[in-house]
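Hi there,

Here is the structure I promised to pass on to you. Have a look at it first, and then read my notes below.

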Amino acid sequence: MARHTDLRRFTGFRGLTILCLVLLYAPLVIVAVYSFNDSASITRWGGFSGKWYVDVFTGPESPKFRQAAVNSFVIAIGAATCATIIATAAAVAMHRTGRFRGKGASIALINLPLMVPEIVTAVASLIFFITIGFTTGLLTIFIAHLVFCIPFAYLPISARMQSVPDMYEQAAMDLYATPWEAFRLVLLPLMIPGILSGFLLAFIISLDDFLITNFVKGAGIETLPTAIFGSVKQGIKPNIMAISTLLLGVSVVFVTLSWLIGRAGQSRT
Amino acid sequence: MDQHSVAVDVDRVVKRYGTVTALHGVSMDIRQGEFFTLLGPSGCGKTTLLRCIAGFEDVSEGAIRLKGEDIAPLPPHKRPVNTVFQQYALFPHMTVLENVSFGLRRRGWSDRDASGRSREVLEMVRLSDFAKRRPGQLSGGQQQRVALARALAPGPEVLLLDEPLSALDLKLRQAVRVELKQIQRETGIAFVFVTHDQEEALTMSDRIAVMSEGRVQQIGSPRAIYEAPQNRFVADFIGETNLLDVTVTSVSAGMAELELPGGLPLRCPAAEGAVQGAGHVSVRPERIAIGAPGAGTLPATVADHVYLGTDIQLHAKLDDGAPILVRMQNAGQDSVPEAGSRLGLTIEAGAARLLAD
Ligand SMILES: Nc1ncnc2c1ncn2[C@@H]1O[C@H](COP(=O)(O)OP(=O)(O)OP(=O)(O)O)[C@@H](O)[C@H]1O
Ligand SMILES: [Mg+2]
């Protein structure tokens, strides 16, 4: 790269970069550090201790958090799985069936939830469930999550499918594979990186959702984000920081996995 | 089995894509065990015809018959035809052996039998040592051979090859030509080979179909295509030629009486469909002899010469201004006719051919 077009040499590049990184990550770092605070204060450092992590699993609030965590994971796994299957089917329809009427509209419809303000979706979902007489509870959370997870699962899956030329399936069919075998034995394995990325993304989005969940959850049913919020309303204790740090850890692991899988897939084809 | 029985019968096939007509009533018989080449410039419909035979496209009109049976109702996976794709399309997530076994496994062979047969085919393309690798770990030439092995393994009635050598560099391409031709002879499978490289077509084929703009211009042996072109397109597309404007006085029994530019009379073979009146003859540059001007020769003036090593090419002009190309063998002549010098050209008996258009 030529010296004077190198972005790194622009005036203020270093300062701006550091400012952005601080704004992005300082709060997270503070939460993570203070989760190991020995004192009960959230502002004063009282020495290193893991006691808030112990508190999360054994303290007075632990049954509540345990139940919320189970709910969160069950919903996230279920919603992400279903969303991934639906998104894969949608991607096949979009990229492997040629032109059909309403294709543009279908793409827009699949991706629309990304554009609609979440609060609108939340209110609309609640009204919808009330209108059709559904009792709010785990099932309503699951359905709502499934819906908004689809576009997130769809994005990497669709991108991947576009990068797999259809000559592979044609070659498979040329070699006596039925259309289903061509899909199962050739397209699907080539899609795996996209599908896993889509699943992980949907999983994280579901695990992390607060707004919609808060609207459609039934009384007494909590997911981790709503449980944390409920707890914070009664004052922030360091155990919240410990839970948040744990959740952050889970997210980082999944996002990293998703990225690694995407990269491995790219280097192979 | 009768050597000349028909493997693929393409019968007046028309293929339209919306308003674009890619094939305008194409007919040809591909015989069992022959190396048949579709030759033509880019966009003439070669790939389209292959895709129609393989089943990736439906024909708009006409029929394609495999050993006499109309294959229109058969989807691609039920046609006993395999393809070597231009980009090879090897399955990147499978090993070489799995790639080659794929077709056999789909046809219900056991894992063991399929592997055994695949190893035989890999042996034939000299890739036995690469069975466990993935396509990404092979060179372009090796991938090309895997693609060939994969298509040959199930023992198709017909093998379709869409410009399989175009991704290889020149040196490799020439080596693979010989190899491919040898494998075709050994297996006895009919090859339908697509290329736009006339040299490739001439050196490898038993028969060539020259195509242009969705139509078959001529079908014949390399020799017939080169020496007895049917029309101006074929004469011009295959090798170098001179197309001279002539006046035809009579055509009968495949021979024409005509007058060359300047009025010199000539008797030469005529393509089917040639008629009296204004016409064109094709004369290959290497079939023209040069000498001193005189009676019975075609007078011309040298404009330039190009030294090509084995040959020397003379660019000359006839007296009516029409350019003419003469190729003389480099036999160590002391002198090459200088620019501006006058020549008398003699067109050898049988060197000229009256074209149909
Ligand atoms: N799917 C399609 N839709 C519309 N037109 C098409 C389609 N496929 C091919 N054509 C047209 O049909 C004609 C023949 O195309 P084809 O690919 O058969 O040419 P080709 O002889 O294989 O050329 P090349 O040597 O460049 O591969 C071209 O004019 C092309 O634009
Ligand atoms: Mg082509």
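Is Glu57(B) buried or exposed? Keep in mind that this is a predicted model. With a relative accessible area of 16%, Glu57(B) is buried, because the cut-off for buried is under 20%. Its salt-bridge partner is Lys15(B), at 3.8 Å from N to O. Lys15(B) sits in strand S1 of chain B and Glu57(B) in the loop between helix H1 and strand S4 of chain B, so the pair ties together parts that are 42 residues apart in sequence. Lys15(B) counts as buried too, at 8% relative accessibility.

Why might such pairs form? Side chains of opposite charge can pair when their charged atoms come close. Over all chains, the count comes to 27 salt bridges. One of them links Glu181(A) with Arg106(B), whose closest N and O atoms are 3.5 Å apart. Glu181(A) belongs to helix H8 of chain A and Arg106(B) to helix H2 of chain B, so this pair joins two chains. There is also a network of salt bridges that links Asp9(B), Asp11(B), Arg12(B) and Arg65(B).

Now for a sheet in chain B. Six strands form an open, mixed sheet in the order S6-S7-S8-S3-S9-S10. Strands S6 and S10 of chain B stand at the edges with a single partner strand each, so one side of each has no neighbour in the sheet. Within the sheet, S3 and S9 of chain B pair in the parallel sense over four bridges, and Phe36(B) stands opposite Arg207(B). Helix H5 of chain B lies across S3, S7 and S8.

Enjoy exploring!

Notes
Residues numbered from 1 in each chain as written. Chains lettered and ligands numbered in written order. Predicted model: local features only at pLDDT ≥ 70, side-chain atom pairs only at ≥ 80, totals over all residues. Heavy atoms only, no water. Pairing = 2+ DSSP bridges. Contact = heavy atoms within 4.5 Å. Axes fitted to C-alpha atoms, helices over the stretch in contact; angles between N-to-C directions. Salt bridge = Lys/Arg side-chain N within 4 Å of Asp/Glu carboxyl O. Buried < 20%, exposed > 50% of the residue type's maximum accessible area, 1.4 Å probe, protein only.
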